[in-house]
Amino acid sequence: MDFNEISFRVRYSETDQMGVVYHGNYAQYLEMGRVAWLRELGISYRDMEESGVMLPVISLQVQFKKSALYDDLLSVRTQLLKTPVVKIEFDYEIYNEKGALLATANTQLAFMDMKTKRPIKCPGYILEKIEAAG
């Protein structure tokens, strides 16, 4: 799977007094992209957590290029970088409806056992779905 793309409008509550998206909201946008990417493969966070696996973010980097504004229609493109082992890593691109690149980002998340709070290998069923998607 090359990348997954989601689109949504910037809400007023996500902006400052100048109508510019507050930088802290980008972490939520990336999460929305990541969750949609996993869902496209047939993997849900809820199912992972119910099976005792959690995926905390261990690294988040965002490079801002242009401002996202109130009522912009944003598109978040999410791409897996490599087959996960203990960590899973995604790259992102965020565009507005005019096709302008607003931000690029990268996140790393670690597979962790919810009971022991220790890192674990990527569950086999996730690897199978990633491999099947190509």
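This is a predicted model: local features need pLDDT of at least 70, side-chain atom pairs count only at pLDDT 80 or more; totals for chains, interfaces and linings use all residues.
## Overall fold

Let's first step back to the whole chain. The protein contains seven strands and three helices, and reading from the N terminus the order is β-α-α-β-β-β-β-β-β-α. With a radius of gyration of 16 Å, close to the 14 Å that the globule rule gives for 134 residues, the protein is as compact as a globular protein of that length. The C-alpha trace extends over about 45 × 30 × 20 Å along its principal axes.

Strand 5 (residues 87-95) pairs with strand 4 in the antiparallel sense, over six bridges. Within this pair, Q79 stands opposite D91 of strand 5. The two strands make a hairpin, with six residues between them.

Strand 5 also pairs with strand 6 (residues 101-110), again in the antiparallel sense, and here there are nine bridges.

Most residues other than glycine have a negative phi. Two residues are worth a look with that in mind.

D71 is one of them: its phi is near 75°, a positive value, and it is not a glycine. You will find D71 in the loop that links strand 3 (57-64) to strand 4 (73-80). D71 is partly exposed, at a relative accessible area of 40%.

Next comes K117, also not a glycine, with a positive phi of about 60°. K117 sits in the loop between strand 7 (112-113) and helix 3 (124-133). Is K117 buried or exposed? With a relative accessible area of 51%, K117 is exposed.

## Surface, burial and charge

Of the 134 residues in the protein, 44% are buried. The accessible surface amounts to about 7,900 Å², and carbon and sulfur atoms account for 49% of that area.

As for charge, how many positive and negative side chains does the protein have? There are 16 positive and 18 negative ones, and the centres of the two sets lie 4 Å apart.

Terms used:
Residues are numbered from 1 along each chain as its sequence is written. Side-chain values use heavy atoms; hydrogens and water are left out. Helices (H or I, at least four residues) and strands (E, at least two) are DSSP runs, numbered from the N terminus. The radius of gyration is taken over C-alpha atoms; the globule rule is 2.2 Å times the number of residues to the power 0.38. Buried means under 20% relative accessible area, exposed over 50%, partly exposed in between (1.4 Å probe, protein chains only). Accessible areas come from the Shrake-Rupley method with a 1.4 Å probe; for residues, only the protein chains shown count as cover. Lys and Arg count as positive and Asp and Glu as negative; His and the chain ends are not counted. The place of a charge is taken as NZ of Lys, CZ of Arg, CG of Asp or CD of Glu. Two strands pair if DSSP finds at least two bridges between them.
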